[in-house]
Amino acid sequence: MTDASFTPPGRVPPPRHGSLITLDARTKKRNAAEKRFRMYGIAAIATGLIFLMVLLTAIISNGKGAFQQTFITTQVFLDPAKLDKNGNRDIDDIKKVSTFGYTPLLQNAIFAEVTDRGIETPLSKASEMKALTSASAAAQVRDVVIENPDMIGDTVEFRILASSRVDGYLKGRVSRESVIRDKSIDAEHLDLTDALVDAGVIEKRFNLSFITGADASESRAEQAGMGVSILGSLFMMMVVLVLSLPIGVAASIYLEEFAKQNRWTDLIEVNISNLAAVPSIVFGILGLAVFIQFAHLPQSAPLVGGLVLTLMTLPTIIISTRASLKAVPPSIRDAALGIGASKMQSVVHHVLPLAAPGILTGTIIGLAQALGETAPLLLIGMVGYIASNYPDGIASGFLDPNSAMPAQIYEWAKRADPAYYERAWGGIIILLVVLLSMNLIAIILRRRFERRW
Amino acid sequence: MPVFWLVIVVLALAAVGYILGRSRALNSAGGDIRRLHSLPSYYGWNAALKVIIPALLLLVVWLLAQPFYVNSVVSKMIPQAEISEGSSRGLVMAEVRRTANGLDSIAAAGLIDDDATRNLRVDTTDVTKLLKDAGQVVTSGITQPVLAAAQHYRIMKASGDLIMSIAVVAFALAGLLWGVRESHFDFRARNVVEQVVKALLIAAASIAVLTTVGIVFSLIFNTWEFFRLYPAADFYTLFEWAPSFSGRGGASSLGILPLLWGTFYISLVALIVAVPVGLFAAIYLSEYASPTVRGFAKPMLELLAGIPTIVYGLFALLTVGPMLLTVFGDDGLGWMQGGRAVMTAGITMGIMLIPFVSSLSDDIINSVPQSMRDGSYGLGATKSETIKQVVLPAALPGIIGAVLLAASRAIGETMIVVLGAGAAARLSLNPFEAMTTVTAKIVSQLTGDSDFASPEALVAFALGMNLFILTLALNVLALYIVRKYREQYE
C-alpha cells in the first residue's frame, strides 16, 4: 500500500497530467481489477447454484422413473386341474401348490394375449413368456387364490408386475444393444413388448407400492419399495424426539439459566461444542461398542439407531435451544422474580413458553439432520438386512431388525442391477420431500410465532 | 415385558403419592391454602419424585449389573476342558446364553414344561434337536456342562428378575411413605422439589460429558485389544493395507498410512473446490450483493448444506463418476480406469462443503468493523482493494479457522467416500485412481459377519481412534483461532 506514494530521494517523479475527465491508464487498470474481482464473486455464486441445479436435475430425472412401474394386464385361467387336483376346494390342498404351479398359468395367459391379437413373434412357446413377467407375479396370483379359493376354474383379470428388464426397456434403461449379452431377456422379447404396449396389455402406471412396499431380493428390483424402511425411520425418529427434546431442553435450561461459572460448567460447554463437530461415524462406533457389545441391545433395531442419533442430535438441539432462551429478554425474568416467583418458576412459567417456538424449530431441524444420517446406522447393522417384513406392533417396531430410509438407499446403491439405481434415486426423492417438509414446518413455525423484543 | 410393567407400577405409585401428599398437606393446614409454605401441588410433586427417582435408579443399576454378575458366576461353572482349541471362554458363554434362550423358547412353545427343562440331561434327551425345533440357532452339539451352565443361568436370571421386581416396588413404597409423611403445612416442599429438578437438569447437561467419555472409552478399550493382537508399530509404519479374512493375526497387514494418504488427498481435492468458491461467494454476498440477491442466493447455497450425505454419495457414484469418466476415461484422455476415484469423491465433497465455507466466512467477514472499510475508502481505495488489503487480512485468522473446520468435516465424511472413492488402499499421486479412506475402511471392517474379536474387525476401532483424535485436534485448533480472532474486534 505504501510503496505507491513513496518516492526514493534523488529521482524526480515524472509529471502527471491527469485529468478528471479522461481516465489514465492506472485508473483504468484499477477499475478493471475491480470489475474482475466482482466477476469472481458472481462466478463463485453461479458455480454453487449450478452445482445445486445439476444435483437436483440428476435426482429428479433419474428418480422419477421409480414412481412408475410397468404392469401387464392379462386374463388368467385358474386351471382347477393344476391348482386343486383333488377337486374338493380344500384350502390346505390349495396351499400345497407352490408358485411353480402358478407360473405356467401366467405364461399361458400372456401367450394367449399374444396369439389372440395376432401379434407375430418368433417366440412360439408359452414358457418363453417368462422373461416378461416378474418373478413375484406367481406369488401375487397365488396369494389372491388362497384368499378366494372360489375363483379356481374361473378366468380372472390380473394386473401383474412386468420384469425389471421390460420395465427398463420402457423407461429407456435397457436397449437392444445392452440385451445382447443379457441372459434373462432377448431382443425378440423387446419387439413383443412394443407390440403389447400398442395393444394396451403392457402399460406404465403410478407405482404406489414403491412408497408403501417392502424391500425385495437382489433379482426382483421391480418389487422393491421404501415402505418398511420409512417405518424404521419413523420409529427411530420417535426415539430421538422422546429422548433428545427433554434432555436437550433440560441441559440448555441448566446451562443458560442456572449454571455458575465453574470447572464443571466449562467442561460441559467444551464437550457440547466438540461433540457437534465429531464425525458421525464415530457415534456409530460408540453405538456399536456401548449399546450392542456392552449392553447387548438387539442389533439393527430402530431403538439402537434412535439412541445413537439422539446422542448425535443433542448438541444441535442444545445449541439452538440456548440461543432461543438467550433471546428472551431479562426483563421478563426480573418481573417474575419481582412478584415472588422462584428462579425455577420464572423459567418454567415464563421463559420456557416464550422460547418454545424457537426450541421447536431447532428440534425439527435437528430431527431432519438425524433423519438423513447414514454412517452410524451402517455400523449398528441397519444395512445388509433385507427390510422385507413390516413390524407387527409397537414393540416389534422398536426392537426388530429394520432399515432406515438413507440406509435402504445405500443398500440399493450397492446392488449390481442398474434397476436398483433408479430405486435409490427415487428413494432420495422421498427422503428429500420429507426433509423439505420438515424444514418448511420449521420455517412456518418461526414466521408465525417468533417474537422480536 | 416385566420391566415395562414394573415402570408402570412405579408410575402408578407416584400418581398415588402425588394425590396423597397434596391432600395430606392441605389437611394439615386445615384446608387453608394460605397456611401452607408452598403451593399444594409442590407437596404432591415431592411425594411423586420420591417414589420415582430412587426406584427407577435402582431399576437401571440392577439391569446393568445383573448380567455381569450372572455371567461371572456361570462362567466359573464351565470346566477348562470344555473350552476347545481356538475358542475362548467368551464364545462358550455365548453358547450358554443361546442355550438358555433356547430353553426359554422350548418352555414357551410348550414342547416340554418348565420343570422338565430344568432337569434335562444330554444323555437322555437330544437337547440340540429340541433347541432347533424351538427355533433357536445353536452352533454345535450341546454338551452336559454347557447345558448345566445354561440351566443354572436361567435359574439365576429368573430369581434375579424376581428379586429386582420386589426391591424396586419396595423402594417405591418406601419413597411413597417418606414423601407422604413429610407433607405437613410447614414443610418447605417447593425448595425440595426445585433442588431435585435442578439436579435433574444438571444430570441432563452432563450427558454431553458422558457421551464423550463413552466415545473415548469404547475407542481406547477396543484399540487396546487390537494392539494386543497386532503390533502398534506395524499399524503406524506399514505402507500396505491388506486385511485377510481367512487367517488370524499375522496374515493381514494393516497399515494406516495408505488410508491416511487417501483421506488427505480426497480432503485436499475437496478443499481446492470448496475454499475458492465458498470464499468468493461469501465475499460477494457480504460486500457486493444487493439485499434481494443475498436473500435469494444465500438460502439457495445453504440448501446444499441441508442435503443428506447419502445423496451426495449416490451423486458421486452415479453422476460425477460417469461424467468424469467420459472426459478422463479411456474414451477421452485415458487417465481414469473406473468411475470411483479420488477426483470423484473429492469434487462431490467439495460441493458439499461450499455452503459450510461460505456461511462461516460470511459471518467472519461481516464481523470486520465497518470503520476499517470506511478508513480504506477514505484513502481512495476501490472496493476490491479494500477487500483484498483491509478486510481479508483482518478476517484471515477467522477464515483459516473456517477452512480448518471444513477440513475436519472432509476427513470425517463417510458416505461420499464409501460410494465414490473405491475400496482399494493405494499410495499414489494420480488423482484419477481409486483410493480409500479411514472412514470407508471403518465401515467395511465393521459391517459384514466378522466377529469382533479378530484384529481385522478391531482395527476399525484403532482407525476410529485416530480419526477422532485428528478431527478433535483440528476442531480445537479452529475454535481457538476463531475465538482469538473474535476477541480482537469485540
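Reader: Is A:Ser300 buried or exposed?
Author: This is a predicted model, and what follows is computed from it. A:Ser300 sits in the loop between helix H11 (280–294) and helix H12 (302–327) of chain A, and its phi is positive, about 65 degrees, although it is not a glycine. A residue counts as buried if 20 or more other C-beta atoms lie within 10 Å of its own. Because A:Ser300 has 23 other C-beta atoms within 10 Å, it is buried.

Reader: In what order do the three strands of the open sheet in chain A lie?
Author: The pairing in this open sheet is antiparallel, and the twist averages 35 degrees from one strand to the next. Strand E2 (155–161) and strand E3 (202–206) of chain A are the edge strands, each pairing on one side only.

Reader: Which residue in E2(A) is the bridge partner of A:Thr74?
Author: Strand E1 of chain A covers residues 68–77 and pairs with E2(A) in the antiparallel sense over seven bridges. In E2(A), the bridge partner of A:Thr74 is A:Phe158.

Reader: At about what angle to E1(A) does helix H4 of chain A run?
Author: Helix H4 of chain A spans residues 99–116 and lies across both E1 and E2 of chain A. Relative to E1(A), the direction of helix H4 of chain A is turned by about 95 degrees.

Reader: Which helix gives the most to the side of chain B that touches chain A?
Author: The contact takes 67 residues from chain A and 66 residues from chain B. On the side of chain B, the residues divide into 42 nonpolar, 20 polar and four charged. The element that gives the most to this side, with 20 residues, is helix H7 (residues 189–229) of chain B.

Reader: How far apart do the end C-alpha atoms of residues 305–329 of chain B lie?
Author: An unreviewed UniProt entry lists residues 305–329 of chain B under "transmembrane region", and residues 162–180 are also among those listed. In the model, residues 162–180 of chain B are 100% helix, with end C-alpha atoms 27 Å apart. Residues 305–329 of chain B are 88% helix and 0% strand, and their end C-alpha atoms lie apart by 30 Å.

Reader: How far apart do the C-alpha centres of domain 1 and domain 2 of chain A lie?
Author: Chain A is divided into domain 1, residues 70–205, and domain 2, residues 227–449. Between the C-alpha centres of these two domains of chain A, the distance is 46 Å.

Technical notes. Residues numbered from 1 in each chain as written. Chains lettered and ligands numbered in written order. Predicted model: local features only at pLDDT ≥ 70, side-chain atom pairs only at ≥ 80, totals over all residues. Pairing = 2+ DSSP bridges. Helix = DSSP H or I, 4+ residues; strand = E, 2+ residues; numbered from the N terminus. Axes fitted to C-alpha atoms, helices over the stretch in contact; angles between N-to-C directions. Contact = placed C-beta atoms within 7 Å. Nonpolar A, V, L, I, M, F, W, Y, C, P; charged D, E, K, R; others polar. Buried ≥ 20, exposed ≤ 12 C-beta atoms within 10 Å, placed from the backbone. UniProt positions renumbered as here; feature names shortened; annotations may be inferred. Domains from an automatic or database assignment.
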